[in-house]
Amino acid sequence: MLLSRRQRWRRWRRSRPFWGGLFAILAGAWICVLPLAPLKIMLQQGVAGIPSVLMGIVMVVLGLTAWFSPPQRGLAGVLTTLIATAALVLSNLGGFLIGTLLGILGGGLMFAWQPYAAQRADGGTGAGTGAEPDPAPAPAAVAVPASDKGRSQDLDETPVSAPVPPRASAPVPPRSAPPPPTPHSDPQGAQP
């Protein structure tokens, strides 16, 4: 039972920007709690501490949004980074720089996170996972005569396929230049 819980936790954690959300929640909690500190530690107090609490709450909500709604991770990451930067000015130097640094790190991790990609048939090397498809078709296999088949199997080799030469495209006729206009031709019919 413990193994299945651990596997479920690992699957849940990998299916969302977990670390970015965690850093955003920690940054929000740090910025939110700092105005509640004793007067000797505080730089701003009273009404000026309200933005600290609000920014901290918003950062915690953005971290939870990244956890429970991964498709919104891009917006949550950008907003977390902006709020963490604004907290530098509006909230006790961004929680004495700790909250700002955690918020920027969390926002960046949320924005950069990509869904977990299962290993593909290419052996998990990542080749072929790009956005562009391979423009060249795969070379066709060439039939190997029976005498060559026996020899290649004896040597523990696979039959070799010869590459197919690329198709020659039809030549494009050169464009002919339009005839030069005659000195007295005018499309409107006016004469000089």
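Ring pairs join Trp9, Trp12, Phe18, Trp19, Trp67 and Phe68 into a cluster. The model is predicted, and it holds 8 aromatic pairs. The chain has 7 helices and 0 strands, and 22% of its 192 residues count as buried.

**Aromatic pairs**

- Trp9 and Phe18 form an edge-to-face pair, with 5.4 Å from centre to centre and 85° between the planes.
- Phe18 is also paired with Trp67: the ring centres are 5.2 Å apart and the planes lie at 5°, so this pair is stacked.
- The pair of Phe18 and Trp67 links distant parts of the chain, as Phe18 belongs to helix α2 and Trp67 to helix α3, 49 residues apart.
- Phe18 counts as buried because its relative accessibility is 10%, which is under 20%.
- Trp67 is buried as well, with a relative accessible area of 13%.
- Trp9 has a relative accessibility of 42% and counts as partly exposed, because this value lies between the cut-offs of 20% and 50%.

**Helix α2**

- The end C-alpha atoms of α2 are 22 Å apart, which agrees with the 22 Å that its 16 residues should span at 1.5 Å a residue.
- The buried residues of α2 are Phe18, Gly20, Gly21, Ala24, Ile25, Ala27, Gly28, Ile31 and Cys32.

- Leaving aside residues up to four places away in sequence, Ile83 touches Met55, Val58, Met59 and Leu62.

- Gly74 is part of helix α4.
- With a relative accessibility of 22%, Gly74 counts as partly exposed, because the value is not under the 20% that buried requires.
- The C-alpha atoms of Gly74 and Gly107 are 8.7 Å apart in space, while the two residues are 33 residues apart in sequence.

- Phe96 has a phi near 55°, a positive value in a residue other than glycine.
- Helix α5 covers residues 92-96 and includes Phe96.
- Phe96 counts as partly exposed, at 32% relative accessibility.
- Leu97 also has a positive phi, near 70°, and is likewise a residue other than glycine.
- Leu97 is placed in the loop between α5 and α6, the latter being residues 98-112.
- The relative accessible area of Leu97 is 46%, so this residue is partly exposed.

**Whole chain**

- From the N terminus on, the elements run α-α-α-α-α-α-α.
- Among contacts with a separation of 6 or more, 72% are between residues 24 or more positions apart.
- The chain exposes about 14300 Å², and carbon and sulfur atoms supply 67% of this area.

How values were computed: Residues numbered from 1 in each chain as written. Predicted model: local features only at pLDDT ≥ 70, side-chain atom pairs only at ≥ 80, totals over all residues. Heavy atoms only, no water. Helix = DSSP H or I, 4+ residues; strand = E, 2+ residues; numbered from the N terminus. Buried < 20%, exposed > 50% of the residue type's maximum accessible area, 1.4 Å probe, protein only. Contact = heavy atoms within 4.5 Å. Areas by Shrake-Rupley, 256 points an atom, 1.4 Å probe, with all protein chains shown as cover. Expected span 1.5 Å × (residues − 1). Phe/Tyr/Trp six-rings, centres within 6.5 Å; stacked < 30°, edge-to-face > 60°.
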